[in-house]
Amino acid sequence: MKEVDRPADRPFDPHATRPVVPELAGWLLMIAQLPVDDPSSRMRVLRTLESLGAAVARDGVFVLPDTPANRQSLEALAEYIGKVAGTANVLQATAVSPVQHQTFVRLFDRSARYENLIKTVESLRVGFGHSDPSAISRVLHKQRREFEAIAALDFFPSAARERAEQALAAADREVRKLLFPAQAQAALAPGEALRGRTWITRKPLWADRLACAWLIRRFVDPEATLTWLEKTQSLPADAIAFGFDGAHFANSETRVTYEEMLFRLDLAKNPALVKIGSIVHFLEVRGTPVAEAAGVQTLLQGAQRRSNSERELLAEAEKTFDLLYEAYYQAPKN
């Protein structure tokens, strides 16, 4: 029996969790019989459909909104399926009623994924004031990328998408306050010697603290004694602290600790060190993308995995920063 049409302009329900599409659009159906004797090709087809955001209407029937990009992708995929001993046909379809149209729309409801993302972002608040802000920032960045991946295939945006975006924005503002605290840093005495000193920071070590330690040993205090303290350990009286709230060198309103050290120790005139600073800044708090950051992150992650102590980790990280400096350094022109 044919369903009775409902008015297309029925009022929007703000409490509805599924997407509401203001205008009816066409659909693309791929009816496919995938090769059974070629598991590799079969899996490649299924992964391609997943990457396109296709919904499964029933076994062997895949649905996408009718757009030029989707049409081109499905036609190319159908051609590939034919070459690997399968069959596929791409058809255009139009729902005969708004009710049937909404049935198709619900196949693309991403609300559950957005809600899971919101829960993950909200759970980060438990660590505010306790966990390392840089670690929280990295997790938040992963959630931002997850949001972008969901949104890229969200053909019918819903209120859940807006809530997820708001949750990410709110968490980002709070994390930035933790990363760039307004409280004053511990003061060094005027003309205080920086050579032959003990320099301390907190565990765990990541890009900023590792870069600072490298900077200290290469450009500030070659004879430095570096110590890594647990969060609960008290600070030695004569040590110079860096990389955490209240230290002599810490994040400022716009700079991570490494950049703050460059600024205060008159090292910001060195373009190579500044370039490394842009990478460290991105790895810690994101911001302006830096092309080399992904490679440096991979190297530091590898160093973490192969190191059994903070001293071994620093030794491995120093190799990375030494190579970056050699790549960026340009001798002054005479």
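Modeller: Helices (H or I, at least four residues) and strands (E, at least two) are DSSP runs, numbered from the N terminus. This is a predicted model, in which local features need pLDDT of at least 70, side-chain atom pairs count only at pLDDT 80 or more, and totals for chains, interfaces and linings use all residues. Residues are numbered from 1 along each chain, and side-chain values use heavy atoms, without hydrogens and water.

Colleague: Okay, where does Arg 286 lie?

Modeller: Arg 286 is in the loop between H9 and helix H10 (293-306), and its phi is positive, about 65°, although it is not a glycine.

Colleague: And is Arg 286 buried or exposed?

Modeller: Arg 286 is buried, with a relative accessible area of 12%; buried means under 20%, exposed over 50% and partly exposed in between, with a 1.4 Å probe and protein chains only.

Colleague: Which peptide bond is cis, then?

Modeller: The bond from Lys 203 to Pro 204 is cis, with omega near 0°, and Pro 204 belongs to the loop between strand S5 (198-202) and helix H7 (207-220).

Colleague: Switching to H5, what covers its buried residues?

Modeller: The cover, judged by contact (heavy atoms within 4.5 Å), includes helix H4 (111-123), helix H6 (159-179) and H9. Among the buried residues of H5 are Ile 136, Leu 140, Phe 147 and Ile 150, along with Ser 134, His 141 and Gln 143.
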